[in-house]
Amino acid sequence: MMAMELVELNSLVRETLEQSMPDEYWVQAELSDVHTNATGHCYLEFVQKDPRSNNLIAKARGMIWNYVFRLLKPYFEESTGRLFTSGIKVRVKVTVQFHELYGYSLTVLDIDPAYTLGDMALRRREILAQLQEEGVLTLNKELAMPVLPQRVAVVSSATAAGYGDFCHHLHHNARGFFFHTELFPALMQGNQVEQSVLSALDKVYSRVGEFDVVVIIRGGGATSDLSGFDTYLLAAACAQFPLPVITGIGHERDDTVLDSVAHTRVKTPTAAAEFLISRMAEAADRLFELSEHVRQGATALLDMEWRRLIDIRSRIPAVIRRKLTEERFALFSVRKDLSQGISALLAHHRHRLELLKQRIVDASPEKVLRRGYSITMKDGKAVTDASQLEAGDCLTTRLAKGNVQSTVIEGANLVNNRSKNH
């Protein structure tokens with residue numbers, strides 16, 4: 001067996017291909033990762049997928065020289081009404097090239113505009129139409145984004161540069177907002193993307209109460225590697241997930257089925273971090289506005305009350321004077337009423353006293369005596385019972401004019417007995 005250097009082997013391959021495949025070939029394939037450089041040359045990838053599994057079964061690097069691309073691109077877009085970009089299926093005339101350093105590639109010479117939409121774009125539309133028919137296409141978009149999305153479940157590859165960019169940008173934000181992130185590892189390229197991401201979402205779902213949002217990020221890479229995010233099962237799972245899903249899995253020009261059903265689609269992992277920071281900033285700014293509104297309202301209220309207090313203070317002397325005048329007038333009225341009342345009361349009691357005086361005068365002993373009555377007294381006390389007298393008692397009889405002295409000759413008992421005997 002002959003030994004040779006790699007460059008020699010590659011040269012042999014190149015010569016063999018040039019000899020065995022010197023012709024031009026019409027090839028049907030899907031465009032992926034289409035871009036141009038500063039010189040105007042177009043670089044792209046041709047891909048072919050298994051119609052049942054949607055997995056890549058073939059891939060080839062391609063390029064279109066500047067002088068061909070300047071004519072081919074406007075001709076294709078004008079004829080089809082479609083941009084010459086990734087995700088469309090084309091039929092192109094190519095020559096097979098092999099370079100010792102850059103390897104196998106296809107050089108595009110012409111394109112058939114009639115062969116337009118590719119299988120990838122068609123598959124996306126079919127999946128979206130199915131989700132629409134099932135009524136779940138916009139469910140995740142209809143969820144309310146939390147005001148403070150601080151608890152973030154991240155579905156990504158631990159080694160992906162995009163994941164590192166996301167975490168660094170999120171945790172080192174200029175406003176100093178706190179975020180709690182937890183990684184749920186998943187493969188983000190290759191044939192295992194769908195199953196791996198679904199498994200990560202199942203783990204998030206088992207702890208759904210611990211998170212506010214789910215972020216699925218991937219970072220850069222070829223457009224053809226995004227095919228794993230264009231599956232029905234993954235799209236249906238995200239569309240019906242109970243937390244808002246934010247995707248940052250492609251490039252600005254790419255839009256996967258997963259992007260279409262997610263709550264929010266951003267270009268890059270860094271943009272996903274910026275979106276969360278902006279939500280926090282909106283809440284912080286709103287809180288600041290409310291606090292400023294409260295402060296201004298309190299200041300205005302204090303100013304109003306201070307002016308009101310000053311106004312009340314300025315009116316106090318006048319109020320006091322008016323009140324004193326009113327009370328003085330009231331006092332005068334009360335004094336007048338009191339004087340009149342006292343006079344009336346005194347007159348009433350004076351009249352009563354006159355009546356009592358007259359009654360006393362009418363009942364006095366002197367007046368009784370003047371009417372012919374007399375008072376008999378013994379030892380200065382009026383005698384009202386003859387049985388109290390005995391023979392020899394000295395009595396004084398008071399008449400209207402003068403007194404009569406007498407001595408009891410017989411006692412009351414003797415007189416009574418005599419009267420009974422007679």
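Helices are DSSP runs of H or I spanning at least four residues, numbered from the N terminus. In this predicted model, helix α1 covers residues 6–20 and holds both glutamate 18 and arginine 14. The two residues lie 4 apart, about one turn of the helix. They form a salt bridge, with the closest N and O atoms 3.4 Å apart. Glutamate 18 is partly exposed, at 42% relative accessible area. Arginine 14 is also partly exposed, at 23%. Shared partners extend the pair into a network of Arg14, Glu18 and Glu100.

The count of salt bridges comes to 19. Among them is the pair of arginine 151 and aspartate 212, with an N to O distance of 2.9 Å. This pair links distant parts of the chain. Arginine 151 sits in strand β6, and aspartate 212 in the loop between α5 and β8, 61 residues apart. Arginine 151 is partly exposed, at 32% relative accessibility, whereas aspartate 212 is buried, at 13%. Another salt bridge joins aspartate 285 and arginine 175 at 3.0 Å, N to O. This pair, too, connects distant parts of the chain, 110 residues apart. Aspartate 285 belongs to helix α8 (residues 269–362). Arginine 175 lies in the loop between α4 (161–171) and β7 (180–185). Both side chains are partly exposed, with 36% for aspartate 285 and 44% for arginine 175.

Nonpolar packing was examined next. In soluble globular proteins, nonpolar side chains tend to be buried together. The largest nonpolar core contains 32 residues. Val155, Val197, Leu201, Val214 and Ile216 have the most contacts inside this core. At least two residues each come from α3, β6, α5 (193–205), β8 (213–217), α6 (232–239) and α7 (257–261). Helix α5 gives the largest share, 6 residues. Beyond its neighbours within four places in sequence, leucine 201 touches Val155, Val214, Ile216, Leu234, Cys238 and Phe241. A second, separate core has 22 residues, including Tyr163, Leu170, Ile246 and Ala281.

Asparagine 140 occupies the loop between α3 (119–134) and β6 (151–156). This residue is buried, with a relative accessible area of 0%. Its side chain reaches two backbone oxygens: that of cysteine 238 at 3.4 Å and that of leucine 243 at 2.9 Å. Beyond four places in sequence, the contacts of asparagine 140 include Ala239, Phe241, Pro244 and Val245. Val261, Ala262 and His263 are also in contact with asparagine 140.

Cysteine 167 is buried, with a relative accessible area of 14%. Cysteine 394 is exposed, at 53%.

Strand β11 (residues 375–378) runs antiparallel to β12 and is joined to it by 2 bridges. Lysine 378 has lysine 381 of β12 as its bridge partner.

Leucine 56 lies in strand β3 (residues 56–64). Leucine 56 counts as partly exposed, at 25% relative accessibility. Leucine 56 and aspartate 255 are 199 residues apart in sequence, and their C-alpha atoms are 18 Å apart in space.

How values were computed:
Residues are numbered from 1 along each chain as its sequence is written. This is a predicted model: local features need pLDDT of at least 70, side-chain atom pairs count only at pLDDT 80 or more; totals for chains, interfaces and linings use all residues. Side-chain values use heavy atoms; hydrogens and water are left out. Buried means under 20% relative accessible area, exposed over 50%, partly exposed in between (1.4 Å probe, protein chains only). Two strands pair if DSSP finds at least two bridges between them. A polar contact is a pair of N or O atoms within 3.5 Å; within protein, one must be able to donate a hydrogen and the other to accept it, and residues adjacent in sequence count only if both atoms are side-chain atoms. Contact means heavy atoms within 4.5 Å. A nonpolar core is a set of buried Ala, Val, Leu, Ile, Met, Phe, Trp, Tyr and Cys residues joined through side-chain atoms within 4.5 Å. A salt bridge is a side-chain nitrogen of Lys or Arg within 4 Å of a carboxyl oxygen of Asp or Glu.
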